[in-house]
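Work through the following exercises with the sequence and the model side by side.

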Amino acid sequence: MSTPPTPRVTIKDVAARAGVSKGAVSLAFNRKPGLSDATRDRIFAAARELGWAPNLAARSLSSQRVDVVGLAICRPAKLLGLEPFYMEFISGVESVLTERSCSLLLRLVRNLDEEVGLQDAWWRGRQVSGSILVDFRADDPRVGTVERLGMPVVAVGHPSLTGGLTSVWTDDATAVTEAVRYLAALGHRRIARVGGAAALGHTAIRTAAFDEAARALGLAGAWQVATDFSGEAGARATRSLLTGADRPTAILYDNDIMAVAGLSVAGEMGLRAPEDVSLLAWDDSQLCRLTRPTLSAMSHDVHGFGAEVARTLFGVIAGDGESHPVATPVLVPRGSTAPAP
């Protein structure tokens, strides 16, 4: 006895599952106004659950090419608004999109699973021409998802994290090694690093490079503290490090916000930078030039980095994008670093 065929899922089924009209489903997948974000997300979730996607061949007859690039970031909105890196990175991306009369579709997500579903919905719904993927983890589930979809993407991360995706990255390991050697050359034998989220791939790369450099130099003390990149977490980490009996004489931070917070904490504790403790930031935004003393930093052109990522994505869409590194962050000494006390 043969098994009856599985009924074909239709737009009517998606509408019923999401509790909306068929017209609302059409609005969602055609990127038309008139729906709240919550309703649109509910419709996309229902479509994923039922395994339904619009007939792309039919839609292509009546719609123009989508000139939109997607970018999802897994960071709290409040923190992202204070993070100089992403503001400069996005401005670099936008500088290239503007030249091509394209737009950026930016979404904040709570976790990777949410982003996987979002990228799937974006591509199946023809909302984007391609996406920029950031903040890679080990065994990142987005790699398999976008490969299965055949979705054009550029991965911002080291190739060891991004599978076979076209990637653009900075050499974080070399930059961390240079930073530690610089501080050691100033006579610092007790050096700490206030890092970012431990789950992030680039944090792991920096962590391993710091440990290796500390061992190679035979430092008397080397500490690393993982944080969420926020100023509050940077302040807590700095306070903890500086209240120890054998405190570090130099601290390297994974971003500018934490370095600024660390400078404030040192002052509150009666410690002077750089006379009592040297501080070294990362990324070198304008924040580093507004403090007193100005902050030494591992500097790179974040705006240019974003622009290069966008150009690479257009290359991927055209079929000729290639993976490549960009310039390694370089040390810019300023007023917050000096020979060890």
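Helices (H or I, at least four residues) and strands (E, at least two) are taken here as DSSP runs, numbered from the N terminus. This is a predicted model, in which local features need pLDDT of at least 70 and side-chain atom pairs count only at pLDDT 80 or more, while totals for chains, interfaces and linings use all residues. Residues are numbered from 1 along each chain as its sequence is written, and side-chain values use heavy atoms, with hydrogens and water left out.

**Exercise 1.** Describe the protein chain as a whole.

Solution. Begin with the secondary structure, which comes to 14 helices and 12 strands. Next, take the extent along the principal axes, where the C-alpha atoms fill a box of roughly 80 × 45 × 35 Å. Finally, consider burial (buried means under 20% relative accessible area, exposed over 50%, partly exposed in between, with a 1.4 Å probe and protein chains only); buried residues make up 52% of the 341 residues.

**Exercise 2.** Characterise the packing of helix 11 against helix 12.

Solution. Helix 11 covers residues 231-242 and helix 12 covers residues 256-268, and the two pack at an angle of about 45° with their axes 8 Å apart. Helix 11 is therefore oblique to helix 12, given that angles under 35 degrees count as roughly parallel, over 145 as roughly antiparallel, 65 to 115 as roughly perpendicular and the rest as oblique. For the residues in contact (heavy atoms within 4.5 Å), the helix 11 side includes G231, G234 and A235, and the helix 12 side includes I257, M258 and A261. By class, this contact has 7 nonpolar, 4 polar and 2 charged residues, where Ala, Val, Leu, Ile, Met, Phe, Trp, Tyr, Cys and Pro count as nonpolar, Asp, Glu, Lys and Arg as charged, and the others, Gly among them, as polar.

**Exercise 3.** Locate the cis peptide bonds at P274 and P293.

Solution. The bond joining A273 and P274 is cis, with omega about 10°, and P274 lies in the loop between helix 12 and strand 9 (278-283). A cis bond also joins R292 and P293, with omega about 0°; P293 lies in the loop between helix 13 (287-290) and strand 10 (296-299).

**Exercise 4.** Examine the positive phi values of R126 and F229.

Solution. R126, although not a glycine, has a positive phi of about 55°, and sits in the loop between helix 7 (112-124) and strand 3 (130-133). Its relative accessibility is 23%, so R126 counts as partly exposed. F229 has phi near 80° and belongs to the loop between strand 7 (221-226) and helix 11. With a relative accessible area of 5%, F229 is buried.

Notes
Axes fitted to C-alpha atoms, helices over the stretch in contact; angles between N-to-C directions.
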